[in-house]
Amino acid sequence: MNQYNSKFRERSEIFASYIIDNGATVRQAAQFFGISKSTVHKDLVCKLKYINPSLYSQVKKVLDKNKAERHLRGGEATKRKYKKE
């Protein structure tokens, strides 16, 4: 836990809170904060686990739910795409 400075701790907790409060995806969080998906994902999955395990378990539930539903969102996007044409 000491290896992560306060900047990373705070940032990881802010990302996690946003995702939990909004049920957001990593992509939506990255867009909201104006950073890359990789940064959000790395902060949440790799760092938050050690920084704040209880917050990590909450955000993990949302991320797992989003992962389970992503094929549905992809299908809807394809449906909208072909409906326009």
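Predicted model: local features only at pLDDT ≥ 70, side-chain atom pairs only at ≥ 80, totals over all residues.
## About the model

Local features need pLDDT of at least 70 and side-chain atom pairs pLDDT 80 or more, while totals for chains, interfaces and linings use all residues. Residues are numbered from 1 along each chain as its sequence is written, and side-chain values use heavy atoms, leaving out hydrogens and water.

## The largest pocket

Let's start with the largest pocket, whose volume is about 480 Å³. A pocket here is an open set of points on a 1 Å grid over the protein atoms alone, where a 1.4 Å probe fits, with protein on both sides within 12 Å along at least five of seven lines; lining residues have an atom within 4 Å of a point. The volume is the space filled by probe spheres set on the points.

Of 15 lining residues, Val26, Leu63, Asn66, Lys67 and Arg70 are the closest to the centre of the largest pocket. Helix α4 gives the largest share of the lining, 8 residues. Helices are DSSP runs (H or I, at least four residues), numbered from the N terminus.

Which residues of α2 are buried? They are Val26, Ala29 and Ala30, where buried means under 20% relative accessible area and exposed over 50%, with a 1.4 Å probe and protein chains only. Seen down the axis of α2, the buried residues fall within an arc of 100° (taken from the directions from the axis to the C-beta atoms), so they line one face of the helix. On the other side, Arg27, Gln31 and Phe32 are exposed.

## Asp43

Asp43 belongs to helix α3 and counts as buried, because its relative accessibility is 1%. Leaving aside residues up to four places away in sequence, Asp43 touches Arg11, Ser12, Phe15 and Leu48, with contact meaning heavy atoms within 4.5 Å.

Note on methods. Helix = DSSP H or I, 4+ residues; strand = E, 2+ residues; numbered from the N terminus.
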